[in-house]
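Work through the exercises below with the sequence and the 3D structure at hand. Try each task before reading its solution.

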Amino acid sequence: MDAQILNSIAKVLDAFKIRDPIINVTEMKSGHINNTYLVSVIFHETNKEKRYIVQRININVFKDPMLIMSNIDLVCEHIRKKNPKEALHFHHTVSGDNFFVDGDNFWRLYTYFEGIAADGEVTLEIIKNVGRTFGIFQERLNDIDTSKLYETIPYFHDTERRYKHFLFTIKKDPKGRAKEVEADIAKLEKLKPYGLMIHNHKKEFPIRVTHNDTKTNNALLDSETFAPLCAIDLDTVMPGFVMHDFGDAIRYGANEASEDETDLKKVKLSLDRYKAFAEGFVGELKHTLTPIEIEYLPYGALAMTFECGMRFLDDYIDGDNYFKIAYPKHNLDRARCQFALLEDMVNKLDDMKRIIDEIVK
């Protein structure tokens, strides 16, 4: 480990009132935005190892990290009052902040949470418990005052606004790619009514605390029983609609193919995975959600798949400036995969609705 990093981490621990001797520091490579380190110390009270997560926030991505940490503090404290075992424990400095600024570096620290983040090939039982994890997260925050939360990424799921940006990108066409993808643009236009379904009814839905990154590996589970522990990666927590959280989880976790699959015949919605996640998620929330929220949960999956596909295609036409790519047409392949998944969702929409109705009843 680089000596400068080790010195910085020692300084961070001191700022958060942790003066125990460091015995190991390991950089965790799973995240793509922040720099994350697993730090082990000898805890003075027990003379045993204790572990912490130290993160340096990427301020190029998160322009106002103090607002993010304000949201995290509010949400974690609210959950902790109901069940301390379900909340991440972010430490505070002497001045009471849950962050530490050192020059141009913005740091935070929380106690390491023993468990596993589900990733790769997962069973239906694990998918159900991932659904339960995010459902419990929503349920615990059901009575929070959302007006106290900051919208850290403005218009994050404003699909209509993103669509207008997409039209602007086509008109600008900086790389001359628009003509090449005319068929993809036509497909997007055909699917647009499904993509805008949540947006067009937004005045009918209550504002809730939403996670906004409900990937399978952002649910922490017990390493032996796979029971839900807590939701992690809270940087995108802010006010929103529950259908988007449900929908993004389905878009990510119920696709039978990878997100950049080029053989579109393999791209299908797994109704088994959809049902497993819904059983967990809706099972925890069916007495909390309003009837119209329950009715529109399947449309959340359609809307999020449309929005994601549109963003990939927008970025491809614009010259691949936002999403990291592994090869020249990576974003185009991603977009086509999302549109194929959405088409399959449309064909299975009646089944998606039926599954939700059966869970609620």
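**Exercise 1.** Which residues of H7 are buried?

*Solution.* Buried means under 20% relative accessible area (1.4 Å probe, protein chains only). The buried residues of H7 are Val242, Met243, His244, Asp245, Phe246, Gly247, Asp248, Ala249, Ile250 and Arg251. That makes 10 of its 12 residues, so H7 is mostly covered. The model is predicted: local features need pLDDT of at least 70, side-chain atom pairs count only at pLDDT 80 or more, and totals for chains, interfaces and linings use all residues. Residues are numbered from 1 along each chain as its sequence is written, and side-chain values use heavy atoms, without hydrogens and water.

**Exercise 2.** Which residues have the most contacts inside the largest nonpolar core?

*Solution.* Start with the term. A nonpolar core is a set of buried Ala, Val, Leu, Ile, Met, Phe, Trp, Tyr and Cys residues joined through side-chain atoms within 4.5 Å. The largest has 89 residues, and Leu88, Phe246, Ile250, Phe277 and Leu313 have the most contacts inside it. Helix H9 (residues 291–318) gives the most to this core, with 14 residues. A second, separate core of 16 residues includes Ala15, Tyr37, Tyr52 and Val54.

**Exercise 3.** Leaving aside neighbours within four places in sequence, what is Leu88 in contact with?

*Solution.* Contact means heavy atoms within 4.5 Å. By that rule, the partners of Leu88 are Cys76, Arg80, Tyr110, Phe113, Cys230, Ala231, Ile232 and Leu234.

Note on methods:
Buried means under 20% relative accessible area, exposed over 50%, partly exposed in between (1.4 Å probe, protein chains only). Helices (H or I, at least four residues) and strands (E, at least two) are DSSP runs, numbered from the N terminus.
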